[in-house]
Amino acid sequence: MWEAFDILLQANFWAATIRIATPLIFGVLGALLCERAGVLNLGIEGIFVAGAMSGWLAVYLGLPLWGGVLVAATVGAAFGFLHAVLTVPLGLSQHVTGIGITLLATSATYFGYRVAFPNVATPPRIEAFPPLHVPILGDLPFIGPILGQQTAFTVLAFVCVGVLAFVLSRTPLGLAIRAVGDNPEAVEAQGLSVVGLRIGAVMAGSALMALGGAFLTLSAFNAFYFGMINGRGWVCIALTVFASWRPGKALLGALLFGALDAYQLRIQTIAGGVVPSQIFLMLPYLFSIAALVLVARRADYPRALMKPYFKGQR
Amino acid sequence: MIRFVPRERTPVWLSVAVSIGAGLAALLLTAVPLALSGAPVFTAFGLMAQGAAGNGFALAETLTRSTPLIFTGLAAAVAFRAKLWNIGAEGQLYAGALATVALGAGLIEAPPYLLVPLVLIGAAIAGAVLLLVPVLFKTRFGADEVVVTLLLNFIMLLFVQMMLEGPMKDEMALGWPQSAPILDDAALPKLVTGLRLHWGLVLAVIAAIALHFFINRTVWGFRIRAVGENARAARYAGLPVGLAMAMVGAISGGLAGLAGASEVAGLKGYLTADLSPGFGYAGIVVATLANLSPLGVVPSAIFIAGVFVGADSMSRAIGVSSYLADLVVAFALLCVLVGGLLTRFRIVFVRREPA
């Protein structure tokens with residue numbers, strides 16, 4: 001029984017929590033940015049896949065690690081642009097278009113990977129982001145080993161939380177983005193372009209989603225595997241509602257999810273053999289559904305979410 | 001100046017033309033990555049066509065592959081008509097497959113005319129129950145069904161793996177995680193001896209016709225369409241919206257469950273965790289390509305099945321990755337969405353008056 005509690009005192013557990021949470025932080029930030037502007041982006045799962053592969057491939061072909069990050073973000077923004085053009089000016093169903101973007105991004109990625117590497121038994125590897133050494137804090141007991149396992153990519157995720165929170169709540173641009181997801185008519189009346197703001201927000205959000213994928217291949221692992229995203233994108237959509245579209249709460253939700261996932265991985269080795277491993281693997285998905293159902297009643301959805309806007313039409 | 005003018009009615013020929021056009025456009029778009037990969041484009045498409053419908057055997061294979069796609073396509077079509085975004089047909093398919101094995105692998109012994117319907121009903125109920133949970137979450141708690149149905153797919157697949165490694169494991173299968181085979185009395189017979197084509201196809205087509213009449217000719221069908229077009233107006237008009245949603249959920253989940261039953265009882269004979277290569281997700285494309293018309297789902301499923309079968313055969317012949325098929329499917333979905341604008345709007349060219 002104490003073993004189950006002991007896990008919480010291991011630095012390794014907390015390090016893993018942050019590592020598992022990092023791609024989700026990017027994903028939830030990306031999803032909430034799109035949704036704050038009124039566009040649901042179910043392309044997220046495919047954009048994760050595309051970001052993971054393109055960022056990794058760029059580094060494999062010789063770009064520096066941060067170059068790979070940039071490539072992933074660009075690819076994400078490109079898929080975001082496609083989603084935005086189809087759903088914003090053309091007003092197509094955001095649900096079905098998003099699923100289409102996921103199918104397209106996933107299949108294009110897998111096809112591209114197979115073209116680049118027709119017959120490889122083990123996936124080729126790259127030199128991933130090295131662990132950071134933080135001065136002073138890194139030498140502390142317990143905290144030191146937790147921080148000592150993180151990379152600069154994780155730091156970027158935390159920076160993004162702060163930047164997005166600041167932009168959304170303290171700048172005129174953030175105000176415009178929030179308004180375009182709540183009351184597009186008012187934005188139009190201010191002389192701003194609803195279509196332009198929405199397309200921009202979806203592109204930026206999709207770039208963030210792609211970074212979540214790239215973190216997996218450039219920092220958490222050092223290779224690209226088929227099926228490595230495995231529903232992480234969908235989990236982010238659930239966590240976005242849980243986070244009530246706020247960057248700070250998004251960080252909290254992702255860390256909570258990371259802790260749960262890290263915990264189930266560790267408890268498996270203790271309870272293994274008695275309880276089937278699949279039960280533990282189901283927990284993160286069940287947790288996401290539970291989180292969604294619990295907050296759904298009082299969730300404060302952006303009022304114009306999924307409502308296409310056409311100029312001069314009420 | 002181009003203006004979009006909403007159409008009062010959409011002629012049937014236009015819907016059909018848009019679907020066919022979208023399919024062709026998807027193939028055309030796929031030629032770009034195919035050419036970029038350095039493959040011979042015309043040879044590849046030629047081999048795909050040949051592999052999908054080049055001879056009787058290929059055609060039978062395409063029809064076999066279309067069977068689960070008709071079921072999942074119908075599941076998506078009826079749900080999307082009511083704006084119930086069921087993205088969980090993959091999980092519901094596995095629920096149906098599990099029920100098929102649970103009932104058909106020796107639990108009950110009965111003659112085929114009893115056992116086969118029993119197994120099918122069991123599978124439909126299993127699929128329906130799996131979708132009624134998110135429908136309940138939606139109507140009771142306001143939880144978005146898209147995310148819940150998507151996540152249930154992953155949970156269901158893990159549950160299948162657990163059953164196949166545990167209680168349902170076939171001890172005769174030499175450690176391979178697969179279920180015991182179903183009884184011969186529970187199997188759907190083959191349509192033609194020597195081919196893999198089975199009675200599941202006939203059931204799928206019957207289901208499509210039945211659903212067509214249900215949606216277009218019955219009171220409940222009308223209510224479902226009304227809820228889909230404007231849920232608030234439907235509620236205001238006194239329609240039982242929650243009940244209609246539950247009914248759509250039961251029908252949609254049940255159809256997806258039948259896809260699993262038909263694959264197990266008609267084709268494989270036992271259950272493995274790789275029973276479906278994404279039939280549930282492809283069903284969304286099938287339904288959208290058919291403009292959500294149940295009768296249109298049948299040709300649309302045959303087209304998508306042909307793409308998959310043809311790509312497999314082309315891949316074996318010249319080594320181009322069969323992920324090409326998934327690309328065609330993704331492009332087809334996006335193309336038909338854009339093409340759908342033509343069915344909903346008339347495009348009018350207006351000459352701008354000189355100022």
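I began with helix 13 of chain B in this predicted model, and asked how many of its 22 residues are buried. The count came to 17, so I put helix 13 of chain B down as mostly covered, taking a residue as buried when 20 or more other C-beta atoms lie within 10 Å of its own. I then looked up its length, and found that helix 13 of chain B reaches 32 Å from its first C-alpha to its last, close to the 32 Å expected at 1.5 Å a residue.

Next I turned to its neighbour in my notes, helix 12 of chain B (residues 294–318), and looked up the axes of the pair, which come within 8 Å and cross at roughly 155 degrees. Angles over 145 degrees count as roughly antiparallel, and I therefore recorded helix 12 of chain B and helix 13 of chain B as roughly antiparallel to each other. I noted the crossing of these two helices as right-handed. Which residues make the contact between helix 12 and helix 13 of chain B? I listed Ile304(B), Val307(B), Phe308(B) and Ala311(B) from helix 12 of chain B, and Leu324(B), Ala325(B), Val328(B) and Val329(B) from helix 13 of chain B. Sorted by type, the residues of this contact divide into 8 nonpolar, no polar and no charged.

I moved on to the contact of the two chains, which takes 34 residues from chain A and 38 residues from chain B. On the side of chain A that touches chain B, the elements giving two or more residues are helix 5, helix 11 (232–242) and helix 13 (277–296) of chain A. Helix 5 of chain A gives the most to that side, with 13 residues. I also wrote down that the residues of this side of chain A divide into 25 nonpolar, 7 polar and 2 charged.

Since helix 5 of chain A had come up, I checked its span: at 1.5 Å a residue, its 23 residues (94–116) should span 33 Å, and its end C-alpha atoms are 32 Å apart, which agrees. Helix 5 of chain A is mostly covered, with 20 of its 23 residues buried.

My last entry concerns Cys34(A), which is found in helix 2 (residues 11–36) of chain A. Is Cys34(A) buried or exposed? I counted it as buried, because 35 other C-beta atoms lie within 10 Å. Leaving out residues up to four places away in sequence, Cys34(A) touches Val39(A), Asn41(A), Ala201(A), Val202(A) and Gly205(A). Of these, I looked up Ala201(A), which is 167 residues apart from Cys34(A) in sequence and 5.7 Å apart in space, C-alpha to C-alpha.

Conventions:
Residues numbered from 1 in each chain as written. Chains lettered and ligands numbered in written order. Predicted model: local features only at pLDDT ≥ 70, side-chain atom pairs only at ≥ 80, totals over all residues. Helix = DSSP H or I, 4+ residues; strand = E, 2+ residues; numbered from the N terminus. Expected span 1.5 Å × (residues − 1). Buried ≥ 20, exposed ≤ 12 C-beta atoms within 10 Å, placed from the backbone. Contact = placed C-beta atoms within 7 Å. Nonpolar A, V, L, I, M, F, W, Y, C, P; charged D, E, K, R; others polar. Axes fitted to C-alpha atoms, helices over the stretch in contact; angles between N-to-C directions. Parallel < 35°, antiparallel > 145°, perpendicular 65-115°, else oblique. Left-handed = near helix turned anticlockwise from the far one by under 90°.
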